[in-house]
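Please read the following report beside the sequence and the 3D view.

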Amino acid sequence: MVTYEKPKTIEELKAFCAEKGMPLERMRFFIGEDCREPRAFGIYRDENGDCVVYKNKDDGSRAVRYQGPDEAYAVNELYEKLKSEVELRRRGAAAAAPDKKKNKAGRAILAVFLALCAALVVVSVSIFARKPKGYYQYQNQTYYYDYNDWYVFSHELNAWTQWRGTADWTEQPKDYYLSSKYDDAYGAEDFKSSDYYHESRDSYDWGSSSSYDSWDSGATNWSSDW
């Protein structure tokens with residue numbers, strides 16, 4: 001199975017989709033564009049330089065998923081949504097049984113399965129959206145959050161160590177989030193130089209360009225916020 005590094009910039013995401021032969025306009029994904037049409041997912045930089053990740057619902061209203069300076073985080077939000085939309089159609093195609101007697105039962109099972117998956121995604125998003133990967137600072141101490149684990153920079157050891165403590169601020173740490181990108185001003189070493197760092201990679205099989213020939217944007221739940 002091929003493993004590759006995830007896109008971290010808007011341009012990298014655009015190039016990734018082009019490499020996979022994705023017909024983005026038909027898929028209703030607009031990368032680097034502020035599309036105002038109904039039924040659209042997208043990412044772009046606004047006039048202040050912030051990255052905006054959005055979904056235009058079927059009634060034309062817009063739900064902003066993320067707006068801020070962290071491009072890597074913003075790109076990952078749209079990347080994961082793109083993956084979930086691809087997987088939604090893949091599961092639907094696989095569940096389409098040729099036996100007509102099984103079609104009704106198959107659709108019912110698929111509906112239950114998708115409902116459970118949607119619930120799981122909502123729960124996961126509610127948890128992880130509160131804790132983006134990257135640097136945090138609380139009471140002059142620098143922390144790093146990665147893959148459900150917290151790390152703290154020890155000035156005594158001049159190194160990152162895994163943090164096993166508990167604190168109320170880690171449950172909703174948005175006010176203490178700095179960025180996914182390193183800055184000397186954080187008063188700590190770059191987390192990427194530590195033994196704990198894992199490069200963000202993916203092994204998902206995106207298929208070939210022919211995988212998207214029958215893409216039907218109507219399969220998306222366009223009334224939801226995301």
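## N56 and its surroundings

The backbone oxygen of C35 lies 2.7 Å from a polar atom of the N56 side chain, where a polar contact is a pair of N or O atoms within 3.5 Å, one of which, within protein, must be able to donate a hydrogen and the other to accept it, and residues adjacent in sequence count only if both atoms are side-chain atoms. This is a predicted model, in which local features need pLDDT of at least 70 and side-chain atom pairs count only at pLDDT 80 or more, while totals for chains, interfaces and linings use all residues. Residues are numbered from 1 along each chain as its sequence is written, and side-chain values use heavy atoms, with hydrogens and water left out.

N56 belongs to strand β4 (residues 51-56); helices (H or I, at least four residues) and strands (E, at least two) are DSSP runs numbered from the N terminus. With a relative accessible area of 2%, N56 is buried, a word that here means under 20% relative accessible area, with exposed meaning over 50% and partly exposed in between (1.4 Å probe, protein chains only). The side chains of N56 and R62 are joined by a polar contact of 2.8 Å, and the charged end of R62 also sits over the ring of Y54, 3.8 Å from its centre. For that description, NZ of Lys or CZ of Arg must be within 6 Å of the ring centre and within 35 degrees of the ring normal. Leaving aside neighbours within four places in sequence, the residues in contact with N56 (heavy atoms within 4.5 Å) include P38, R39, S61 and W222.

## Nonpolar cores

A nonpolar core is a set of buried Ala, Val, Leu, Ile, Met, Phe, Trp, Tyr and Cys residues joined through side-chain atoms within 4.5 Å. The largest has 28 residues, of which C17, M22, I31, I43, L78 and W206 touch the most other members. Two or more residues each come from α1 (10-19), α2 (24-27), β2, β3, β4 and α3 (71-95), and α3 gives the largest share, seven residues. I43, leaving aside its neighbours within four places in sequence, is in contact with residues including I10, F30, V53, A74 and L78. Apart from this core lies another, of nine residues, among them Y144, Y151, Y186 and Y197.

## Aromatic pairs

The structure holds 33 aromatic pairs. Rings of Phe, Tyr and Trp (its six-membered ring) pair if their centres lie within 6.5 Å, and planes under 30 degrees apart count as stacked, over 60 as edge-to-face and the rest as tilted. Two edge-to-face pairs are tabulated here.

| Pair | Centre to centre | Between the planes |
|---|---|---|
| Y135 and Y144 | 4.8 Å | 80° |
| W169 and Y176 | 5.5 Å | 75° |

Y135 is buried at 2% relative accessible area, as is Y144 at 4%. W169 is buried at 7%, whereas Y176 is partly exposed at 28%. Ring pairs also link Y135 and Y144 into a cluster with Y151, F153, W160, Y182, Y186, F191, Y196 and Y197.

## Two positive phi angles

R39, although not a glycine, has a positive phi of about 60°; R39 is found in the loop between β2 (29-31) and β3 (40-45), and is partly exposed at 36% relative accessible area. Q139, also a residue other than glycine, has a positive phi near 50°. Q139 lies in the loop between β6 (134-138) and β7 (141-146) and is exposed, with a relative accessible area of 65%.
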